[in-house]
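Please open the structure in your viewer and keep the selection tool ready. We will stop at a few places in turn, and at each stop you will read what is there.

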Amino acid sequence: MTTTRITLFKIPFITLFAFFIVSPTYGQETKRELLELLKRKELTPEKREGYLCQLSCIYKKTDTIKAYDFADQALQTARSENSPGRQAIAYEAIADVARYLDNAPKLIQYADSSYAAAIRSKEELALAYAHYAIAYKYEKIGIKDKYIYYMLKSLAYFEKHKIRYDKLVNGYENLGAIFIDNNDLKYCEKYNKKALDLAYQSRNPINIANGLTSWALFLVRSAEQKSPANVKLLQKAENYYLKAITIFESENKKGNLNWSYGRTCLNLSSLYLYHFFDSRPQQTLNYLKKTEEVCLKLDVPIQLMVMYGQQAQYYTNLNDIPNIEKVLRKVEKHIAGNPSINSRYYALLYKNYMDLAELKNDFPAYRKYFALYDQALRVRIEKENRVKEYNASMRFETEKKSQEIKLLRENLETNRKVNYLYIALVVFVFFTLLFMLRSYYFRQKSYIKTNLLLQKANEEAAFLSKIKEEEARIAVLESELKEKELQIAVNEKIMNEQANIKLQQELMTNNLQLEKKNDVLKDIKSRLEVMKSEKPSEIKNISKTIDKSMEVDEEFELLKTSLENTNPAFFSALQEKASGTLTKLDFKYCGYIKLGMSTKEIAGHMNIETQSMRMARYRIKQKLNLDRDTDLDEYIGSV
């Protein structure tokens with residue numbers, strides 16, 4: 001085993017380890033406590049929004065959909081209350097979710113929305129949250145000085161008012177990490193110490209554990225400044241990590257499994273791996289196993305990647321090729337099952353396979369993984385270039401907007417001075433001309449008053465004239481309308497009279513036919529009396545007579561045709577009302593009723609008893625589904 005081989009596995013995964021330098025912390029209440037608080041009916045909208053935003057912060061590492069939903073609920077409530085200040089706080093929570101998802105456009109959009117709403121509200125609290133979001137916007141696009149400026153402004157307010165210790169601890173940890181990256185241990189120590197002090201002030205176990213982790217990380221970096229590393233500082237860092245892990249384990253037993261637990265375990269196992277491996281190899285292995293157990297339980301993809309990287313480094317130190325292959329297969333399976341993992345990890349995986357193939361002198365495998373590594377590297381470089389291009393454009397746009405705002409402020413200041421000068425000149429001119437205009441004013445006052453009265457009178461006269469013209473037009477239109485209505489009424493009357501005359505003529509014809517039919521029936525009756533004593537052949541003649549008398553039934557067809565000409569929908573409307581149950585005889589009765597004939601007249605015309613006609617009327621009324629109070633004659637007359 002050579003130093004070169006150790007480095008091959010150390011370099012790819014140390015990048016992943018650096019990802020966990022910055023880790024968000026949680027609020028004062030736990031997730032369970034916040035959910036219980038939200039169930040209270042007496043909550044004010046402001047408190048409810050605050051709890052929703054804190055829940056969003058808690059859920060963003062485990063369920064981004066729920067995190068966004070909680071923040072969006074807070075935003076909708078703030079909008080319904082028309083509160084720009086509370087909208088700014090809700091926008092900051094949504095921007096925080098976008099930051100975790102590494103969605104730079106959304107982070108910038110919601111951070112700008114938070115800042116705009118805070119400016120409208122002019123509330124200090126809203127501005128503090130907005131500055132927090134804006135700080136991470138500048139961190140994302142790579143303007144670190146503005147990130148530090150806005151973060152310190154935000155944290156100063158939270159610290160002054162003793163609120164949101166989760167953001168205070170998180171913010172100062174991130175500031176410490178920024179200065180660690182710049183190798184500025186003075187400010188790193190300052191801000192990590194502040195994070196730890198505020199964590200103890202919050203009395204929140206999770207905040208304290210995170211503060212201890214950040215302080216331990218600072219001690220490790222301080223120890224590494226010396227060659228060899230300062231063992232005493234490394235041992236102190238180990239103690240702080242162990243204290244933090246004890247707290248996380250205690251919270252885990254209460255059901256508060258925290259994402260930062262995995263970060264602390266990874267940091268401690270890294271400390272053992274890179275500083276205490278030679279002196280405590282078994283302890284290093286034990287803690288790697290514990291870290292694997294915690295990371296698998298948390299199921300955070302990036303943490304699992306770092307954990308597998310540490311395992312690979314451990315077995316590389318031992319030159320244990322089978323276990324190295326086993327770990328790399330786990331990494332490959334994990335990457336394949338998590339498409340959201342950054343593409344650079346494919347390149348790192350193939351690079352490690354190349355190193356392993358070289359270690360085994362397997363040159364065909366080396367060529368295979370070299371091709372895959374080269375392809376993954378090109379994809380990674382292309383994506384990184386796109387990100388750099390986007391960040392550069394965002395920095396340009398941000399700087400451009402900053403210059404525009406600066407120019408606008410300068411113009412505003414210049415305009416303000418010019419306005420003051422103009423105001424002074426106007427005041428001077430005003431007082432100079434006041435005396436001169438005073439006498440002129442009194443002379444013109446009566447003249448203006450007279451002109452105003454005259455103008456008002458002219459306007460009223462013109463208005464009255466327009467009203468009269470409109471009234472005249474309305475009168476003409478009403479007259480024309482009445483004439484047209486009268487003409488229509490006359491035409492309808494003439495048509496009705498013509499129809500009635502036609503119906504009366506047809507009725508008279510029907511009456512004549514009825515009389516003829518009655519005579520025929522009387523003749524039949526007399527013949528039947530004689531038939532008893534005469535020959536049976538006479539029956540044939542009687543049948544012919546009956547057939548002729550049945551021809552009289554054609555009168556109904558004439559009546560029906562007449563009614564259909566004057567009222568086409570009459571019979572169809574009746575049949576639809578009766579659901580298709582009316583017979584041809586019922587139509588006869590209805591037709592005669594439509595002509596205005598009484599029950600007695602219809603009975604005589606049909607040569608039936610009056611009582612039979614009443615029963616027929618009753619059956620027709622039932623078929624038409626008419627109630628008891630509805631008159632059949634009136635109903636048929638209205639159809």
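Begin by selecting S579, which follows helix 21 and has a positive phi, near 60°; helices here (H or I, at least four residues) are DSSP runs, numbered from the N terminus. This is a predicted model, in which local features need pLDDT of at least 70 and side-chain atom pairs count only at pLDDT 80 or more, while totals for chains, interfaces and linings use all residues. Residues are numbered from 1 along each chain as its sequence is written, and side-chain values use heavy atoms, with hydrogens and water left out.

Now step back to helix 21 itself (residues 570-577), where the buried residues are F570, F571 and L574; buried means under 20% relative accessible area, with a 1.4 Å probe and protein chains only. These residues lie on the same side of helix 21 because they cover an arc of only 90° around the axis, the arc being that of the directions from the helix axis to the C-beta atoms.

Next, select T77 in helix 4 (residues 64-80), a residue that is buried, with a relative accessible area of 18%. If you leave aside its neighbours within four places in sequence, T77 is in contact (heavy atoms within 4.5 Å) with P45 and E49. A polar atom of the T77 side chain also lies 2.9 Å from the backbone oxygen of Q73.

Finally, select D166, which is placed in helix 9 (residues 165-181) and counts as buried at 2% relative accessibility.

How values were computed: Helices (H or I, at least four residues) and strands (E, at least two) are DSSP runs, numbered from the N terminus. Buried means under 20% relative accessible area, exposed over 50%, partly exposed in between (1.4 Å probe, protein chains only). A polar contact is a pair of N or O atoms within 3.5 Å; within protein, one must be able to donate a hydrogen and the other to accept it, and residues adjacent in sequence count only if both atoms are side-chain atoms.
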